[in-house]
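Here's a quick briefing to read with the model open beside you. We'll go from the ligand shell to a helix pair and then to a sheet.

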Amino acid sequence: MPWDMVRAVPGIRRSPVEFLTDTTRRYGDVVAFPLPRTPVLLLNDPAGVRHVLVEAHRSYGRATLQYSALATVTGAGLLTSDGEAWRRHRRTVQPAFHHSSLAGVAEESVAAAERLRQRASRLGPGEPLEVLEATSRASLEVVGHTLAAADLSGVAQDLVDAVGRALELVVGRAQNPVPNSWPTPSRRRLEREVAAIDRICAQIVAARRAQGVAEDADDVVGLMLRAGLEDAEVRDELVTFVVAGHETVASSLTWTLDLLARHPHVQQRLHEELTAVLATPDGPRAPGWDDLTALPYTRAVLEESLRLYPPAWVITRTAIADDVVAGVAVPAGTLVIVCTWALHRHPDLWEAPEEFRPERFLDAPRRDVGYVPFGAGPRLCIGRDLAVVESALVLATFLRDRRVRPAPGARPAVESLVTLRPKGGLRLLVEPLRP
Ligand code: HEM
């Protein structure tokens, strides 16, 4: 009822994931919000979610509040565009994500995790690791190679910082009743950040051009230059990939390390697997591409972590044609919200849904209903396999002879911005496995 909505406003601002999850628990799997003008439907029905993302995907588009706000920063990239423009770009960059490129990703991931180990070794006794900062740096190093066949860590850090500041302003503005077109200080700051993003992207593209684009180039920027895309289109995809491919992996690795620190028996089982696969007379060696199939528990840990802490915590669509979902009429123009956090904790789908139990992903058939950390259907995350390879190898490299423990102090709250992040960062103690 409208009055419930008014009362809910502080809760929505404090924690959108909690608000959406509580709402599904209270009102069921299909909830209509009584908002004026736009009909809004919160969908937590597993078959209904599959219907919207997969079976009836043609009836749903990206013109939603979430994606329009994101487009202020990313422009018309893969995340925010629809139709022919989306199809052309997706086809152009797809080869960067083929199976044949993943062995290279594996190498970059191990190298990035080795640098992370070195930085962790320099911590003083009792000094905690700033986990989000560390995983962000590692994931940026890996994504730089996929994007532009180069170590972008110098310029890319400036790009990531500018994108991060711009997105914070966008989220802040979305929560503010002042119209976005007004010349407020936050609008001017946003314009300055977007101009800085444009300058850095132009620099990256010019450097990639100067390097020469070979016939068989398979990095994202190289592929786009070869296909003759305009510089503005390349800029939009570059920013899109920084948003989609960097913070998501960092978020997933951060929550995984947090879960392992809080569940020593799971961490111990992970160590048993790593020791069995990586043991040499001189201690555990670094893992590689060929080891991935021998690390099922490591992958189950990551899958279970993506269930409980899905970095892409909300997926939205706008109905572009009348439809029926889970028996409910959905008129064209309806905003459909899928909260992956709520869906992944659906009590009808999971035994003890709040518990961290990686075993549930071992030997179980791959789920295609009710588990969508990477989305589903034609808009399935293009970086899914890359993210899986990268996360498993960063985790295995980092933890092969060390363990993480909670640092003293309160656990950070979950902050749901573009991805799920620990508010104020996460600190963990890193110790040798065998002192
Ligand atoms: C754990 C890591 C990741 C998670 C949880 C994740 C999650 C998602 C989800 C849920 C979507 C679909 C959104 C929707 O349907 O509205 C998506 C799309 C996308 N992701 Fe990922 N992602 C991850 C890593 C990556 C990586 C590593 C890259 C690239 C380097 C990437 C690039 C993209 C792109 C470009 C799209 C838009 C695809 C399209 O619509 O054609 N993601 N991701």
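**Around the ligand**

The shell around the ligand splits into 15 nonpolar, 7 polar and 2 charged residues. Keep in mind that this is a predicted model.

- In total, 24 residues surround the ligand, and the closest are G245, T248, G375, C381 and G383.
- Helices α7 (131–148), α11 (231–245), α12 and α16 each put at least two residues into that shell.
- The largest share comes from α11, with 4 residues.

**The α12/α16 pair**

- Helix α12 (residues 247–262) packs against helix α16 (residues 384–399) at about 40°, and their axes are 11 Å apart.
- That angle is why α12 counts as oblique to α16.
- The crossing of α12 past α16 is right-handed.
- On the α12 side, the contact is made by T248, V249, S252, L253 and T256; on the α16 side, A387, E390, S391, V394 and L395 make it.
- Sorted by class, this contact has 5 nonpolar, 4 polar and 1 charged residues.

**The five-stranded sheet**

- Here you'll find an open sheet of 5 strands, ordered β1-β2-β8-β5-β3, with mixed pairing.
- Its edge strands are β1 (30–33) and β3 (60–61), each of which pairs on one side only.
- Strands β5 (residues 314–319) and β8 (residues 335–339) run antiparallel and are joined by 5 bridges.
- V314 sits opposite C339 of β8.
- Helix α3 (residues 46–55) packs on the sheet and touches β1, β2 (40–43), β3, β5 and β8.
- The direction of α3 makes about 120° with that of β2.

Definitions and conventions: Residues are numbered from 1 along each chain as its sequence is written. This is a predicted model: local features need pLDDT of at least 70, side-chain atom pairs count only at pLDDT 80 or more; totals for chains, interfaces and linings use all residues. Axes are lines fitted to C-alpha atoms, for helices over the stretch in contact, and angles run from 0 to 180 degrees between N-to-C directions. Angles under 35 degrees count as roughly parallel, over 145 as roughly antiparallel, 65 to 115 as roughly perpendicular and the rest as oblique. A crossing is left-handed if the near helix is turned anticlockwise from the far one by less than a right angle, and right-handed if clockwise. Two residues are in contact if their C-beta atoms, placed from the backbone, lie within 7 Å. Ala, Val, Leu, Ile, Met, Phe, Trp, Tyr, Cys and Pro count as nonpolar, Asp, Glu, Lys and Arg as charged, and the others, Gly among them, as polar. A residue is near a molecule or strand if its C-beta atom, placed from the backbone, lies within 6 Å of it. Two strands pair if DSSP finds at least two bridges between them.
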